[in-house]
Amino acid sequence: MPAALKISPFVGRGGLDPSVSKVYTGWYAVLSGGSFPLHDVSWQYPPGAALPILAPGLVPGLDYGHAFIVLAALCDAAVFALLLWAARRRGRSLAAPWLWTVGLAVLSTMPWNRFDLHVTALAILALIAATARRAWADQAFGAVTAVAAVVKVWPALLLAGTPRGRRTRTAWTAAAVTGTAVTAGFALAMPNAFSFLAAQESRGIQIEPVSSLPFHVARHFGWSGTWAAKDGSHEFVGPWVHGVGIAMQISTVLAFGWLLWWRRRSDRTAARVLPDAALTATLLFVVTSRVISPQYLVWLIGLAAVCLLHGDTTQRPVALLILAACLFTTLDFPLLYRGLRDHASWLSITNLYVRNLLLLAAAWLSARRLWRGTVPARRPV
């Protein structure tokens with residue numbers, strides 16, 4: 001049974017998390033009226049995100065908030081059962097379902113209060129479907145990946161490790177056709193389907209990513225900037241913030257350039273390469289992003305769990321680093337978050353430094369081990 005089932009999904013004295021009771025409930029009211037939120041800067045997701053937001057309205061006998069929690073719990077249980085089935089079918093250890101169980105338990109109630117759990121479930125399903133020895137495996141992988149990417153963009157990174165030749169063409173074609181069809185369906189059925197693009201473009205440096213660390217220290221040495229509630233999160237405003245934001249975007253481009261170079265050089269025939277590459281690509285995206293929200297760790301735990309389904313995975317030590325990062329993420333949010341935001345206390349800064357250094361180490365180790373495990377060594381002439 002998923003460890004999260006043992007933890008109350010509620011906060012305070014029986015109250016729901018504000019993400020569900022206020023944000024998601026507000027989005028549901030707009031979406032159920034047949035339109036996407038146009039002037040809500042916190043709506044920064046592709047049109048497919050309407051699916052997990054609208055789904056609780058189909059649950060009979062419960063109000064929206066409690067229905068959302070129930071569906072998240074069922075999703076958690078389904079992922080655990082899927083990982084358990086995949087591990088037993090291949091005669092593997094139970095490391096994958098256990099990592100999922102422990103990781104979500106360490107993240108406390110947060111996973112059940114975000115729709116990232118639903119997206120991660122789709123990503124896990126796509127990666128496991130890709131290993132089926134059936135003619136339809138690559139089509140199914142591409143189609144499910146596309147649906148997940150239309151909900152939240154990052155699952156498109158699962159396509160990074162597809163094998164050369166026919167399998168890549170099949171998976172990428174299925175993803176393109178499915179993604180286009182789903183997006184077009186939303187665009188035709190509901191106005192303002194692409195309003196999220198303007199909100200994403202205006203994002204700055206949130207107070208939790210790797211790029212925020214210099215500003216937290218600078219606040220103690222006379223930096224004139226501060227934080228502000230902006231674009232649906234808490235971001236830094238002041239000198240150098242814009243420049244650092246551009247630098248992080250450049251670093252993301254460089255990271256994806258490395259991925260393209262890896263694809264050109266690598267041997268991707270082994271089944272383990274697809275989930276290993278997905279984890280590496282997602283880690284590179286996370287550490288170079290201008291935003292790191294706590295729910296990003298749900299993505300990483302899910303992808304790492306799929307890697308552990310393969311006995312020859314290169315990512316086993318990376319999974320341990322991600323699990324450690326989950327602990328410091330929970331300490332950061334919600335326990336030390338107010339001290340980090342309002343006072344830049346040294347305890348909260350130190351905790352954030354440790355968490356982000358763990359993620360940086362995980363990204364570096366993941367890329368290094370992926371390269372060494374897939375790129376043939378050049379023989380001297």
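The model is predicted, so local features need pLDDT of at least 70, side-chain atom pairs count only at pLDDT 80 or more, and totals for chains, interfaces and linings use all residues. Residues are numbered from 1 along each chain as its sequence is written, and side-chain values use heavy atoms, with hydrogens and water left out.

**Helix H1**
- H1 covers residues 18-31; helices are DSSP runs of H or I with at least four residues, and strands are runs of E with at least two, numbered from the N terminus.
- A kink of about 30 degrees is centred on Tyr-24, where the bend is the angle between axes fitted to the seven residues ending there and the seven starting there.
- Tyr-24 is also buried, as are Ser-19, Val-20, Trp-27 and Leu-31 (buried means under 20% relative accessible area, with a 1.4 Å probe and protein chains only).

**The largest pocket**
- H1 gives the largest share of the lining of the largest pocket, 5 residues.

**Asn-356**
- Asn-356 sits in helix H15 (residues 346-374).
- Why does Asn-356 count as buried? Because its relative accessibility is 0%.
- Asn-356 touches Glu-208, Pro-209, Val-210, Leu-213 and Ile-292, not counting residues up to four places away in sequence (contact means heavy atoms within 4.5 Å).

Key: Expected span 1.5 Å × (residues − 1). Buried < 20%, exposed > 50% of the residue type's maximum accessible area, 1.4 Å probe, protein only.
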